[in-house]
Amino acid sequence: MACPYFRRADSLPRQSSVVTESSGNWSLEDEEQTDDALTLRHLQMAIQLLTAPSNEDLNSAVTSLICKYKQNWPNITKLRIEIDTLKNFPNYDYLSDIQEILLEMDESSASEILVLLGEELIITCCTGIIDRAFRCLGTELQEFLGSLDGEDDCSDTGFVCAGDGELIFTSDRPVIAWLLLGSLKALTRTLFNVYVNIKIEPVEGDSRRYRYLFSLAKEASAPLPLELIKQTPDASAQRNNSTNAADLSMNSTTFCKAFPWHFIMNEQLDLVQLGRGFSKLYKPYMADYGCHATTYFDFKRPKGLTVKFRDIVRRTYTPFLIALKNPANVEDFTAKGLEIKGQMVHCPESNSLLFIGSPFLDGLDGLTCNGLFISDIPLHDATREVILVGEQARAQDGLRRRMDKLKSSIEEANAAVAKERKKNVSLLHLIFPAEIAERLWLGATIDAKTYPNVTILFSDIVGFTSICSRATPFMVISMLESLYKDFDEFCDMFDVYKVETIGDAYCVASGLHRASIYDAHKVAWMALKMIDACSKHITHDGEQIKMRIGLHTGTVLAGVVGRKMPRYCLFGHNVTIANKFESGSEACKVNVSPTTREWLIKHSGFEFELKTRDPSCLPKEFSNVGNDTCYFLESYRHPSLDEALSLDDHITAAMKTIISLASN
């Protein structure tokens, strides 16, 4: 027959794809269950086979269709495509091409071929876990159709079981509707051994919805049940179970107690029976406001439902969600808006509707806010577990928030400790050499150690006592702070260790924390920089600061002294000698010992200007074995630079040379 709902392809916008790669090919690699475990994802795959078959499934069905019916329709061989096309173009809309090819062949046979293609889709693809997924939907056909109705809102693509032997399907694509007709035929044969005729017709007023009406096929060759939709009960069971309401083993009082959230309404939608839960809420008001169901209940789902007896009967396979209303002029109704989720059951013996449901709650707070108690929820109702699970989840969330807050506090405390630790370590590095500071931080014992070839610098300000007598203490401190600030920068520049400052005395040493053949050079350059810096500082009365400096190189003993305020101190004869060379120096001069001079001239490439002094200038404590003398360090010149350049330029070039030699 001709297909009245099969619109031509040129009148429809071309769909991008029947199903995208993400929704069409379910990946089960991330499933925790075993391979043979039936999951919700398998059920989704089964429903998708009916509503949005993938290109691979369609290709398998087309291949089987061609093998069976190519003699009837030779042109259906055009429906087959290459496998490479499916692999290379995952968004290819295979179904649209099938539709166009069938319309080019013969529109009258297009619907018939599509129905057969739907049957082949089930025959070829409904195997294994997919077959098990379909079978779990019901033990007989009507239960199967009712289980397909999983949509509360029929405005989107989905199924609505509108009554016995009636199914409504919503889709934007008519071609899917005709495929579904064949698929349903094949499923009824495969799952329930039922041969049916299915009539398809549009739903009046909505071009996207299609009604499928099931009826018994006259040509059924296999053994069939007496009824198409509902299987006939066992005869012996019929004899043992009376259909008379007076023979019921449970009276209405017991039923209302066992199922507190139920009501029964007649054809006029008047409430004729209420469960204990509803009765406690509404019985006091029924004498004044009547018994009509819409007075007390708002039918929220299924959406678009017309609240009429016949329309509700047609939706008994759809989940219902009702919200409680407060009666007119009743302001203190605590359960207003409470939602009850359940199902409608048509009772043909009394031509009434039975609603059985459960409060839609997620925790104790929702229970108490609606004026309910745990005792209002029957023991058999899973809502009790839902409430307890909700409370447990909230407790876990609260615990998680507290743990997160505690974690944040610990992280902040750790960050603060790390910051303070960094400050402490930095302070230790300022007071002690790096190796000593690290061992002190770890709590290790620091043993005194002998260091050979340590170059020591002593300095003091000429006339410092006189300067102090003419200035306030704050003026003296300000002067020393300004001067020693520059000296501290020189320590960092030349990587020498600042031993201590006592009054105007400033003492540094090189060769303690990092021994080098250029230790004497660094101290000598620092001495020249100190003399140069003094020329830029003046006292409070405008006089230039004059400093004398002494250098000496020799073996010293170094160790940490004290526990409360530990100090890194230098001991030995050479420390005293270094101090003597400072005392024997002159204003704005650097007095260099013979041993320090040996280190300054020991390596080529460094030109220190040294002026020989009288041998009598040597300290008496210095053992002058070689009849040597001391020297004034006048200046320094780097061989690669012009003499006209400043002292800073020459010293900077020398430091670069040392760094380069050390890296090589």
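User: How are α20 and α23 oriented to each other?
Analyst: In this predicted model, the axes of α20 (residues 519-534) and α23 (residues 647-663) cross at roughly 160°. Angles over 145 degrees count as roughly antiparallel, so α20 and α23 are roughly antiparallel to each other.

User: And how close do the axes of α20 and α23 come?
Analyst: They come within 11 Å, and the crossing of α20 and α23 is left-handed.

User: Which residues make the contact?
Analyst: From α20, W525, L528 and K529 take part. On the α23 side you have L647, D648, I651, A654, M655 and I658. By type, the contact has 7 nonpolar residues, 2 charged and no polar.

User: Nice. Switching to strands: in what sense do β5 and β6 pair?
Analyst: Antiparallel, over 3 bridges, with β5 covering residues 262-265 and β6 residues 271-274. M265 of the pair stands opposite L271 in β6.

User: What about the residues between the strands of that hairpin?
Analyst: There are 5 of them, and L269 takes a positive phi near 65°.

User: Which other residues have a positive phi without being glycine?
Analyst: N351 is one, with phi near 50°, and N453 is another, at about 55°. N351 is in the loop between β9 and β10, whereas N453 is in strand β11 (residues 449-461).

User: How accessible are N351 and N453?
Analyst: N351 is partly exposed, at a relative accessible area of 26%. N453 is partly exposed too, at 38%.

User: Last one: where is the cis peptide bond at P302, and which loop holds P302?
Analyst: The cis bond runs from R301 to P302, with omega near 5°. You'll find P302 in the loop between β7 (297-301) and α14 (309-313).

Terms used
Residues are numbered from 1 along each chain as its sequence is written. This is a predicted model: local features need pLDDT of at least 70, side-chain atom pairs count only at pLDDT 80 or more; totals for chains, interfaces and linings use all residues. Side-chain values use heavy atoms; hydrogens and water are left out. Axes are lines fitted to C-alpha atoms, for helices over the stretch in contact, and angles run from 0 to 180 degrees between N-to-C directions. Helices (H or I, at least four residues) and strands (E, at least two) are DSSP runs, numbered from the N terminus. Angles under 35 degrees count as roughly parallel, over 145 as roughly antiparallel, 65 to 115 as roughly perpendicular and the rest as oblique. A crossing is left-handed if the near helix is turned anticlockwise from the far one by less than a right angle, and right-handed if clockwise. Contact means heavy atoms within 4.5 Å. Ala, Val, Leu, Ile, Met, Phe, Trp, Tyr, Cys and Pro count as nonpolar, Asp, Glu, Lys and Arg as charged, and the others, Gly among them, as polar. Two strands pair if DSSP finds at least two bridges between them. Buried means under 20% relative accessible area, exposed over 50%, partly exposed in between (1.4 Å probe, protein chains only).
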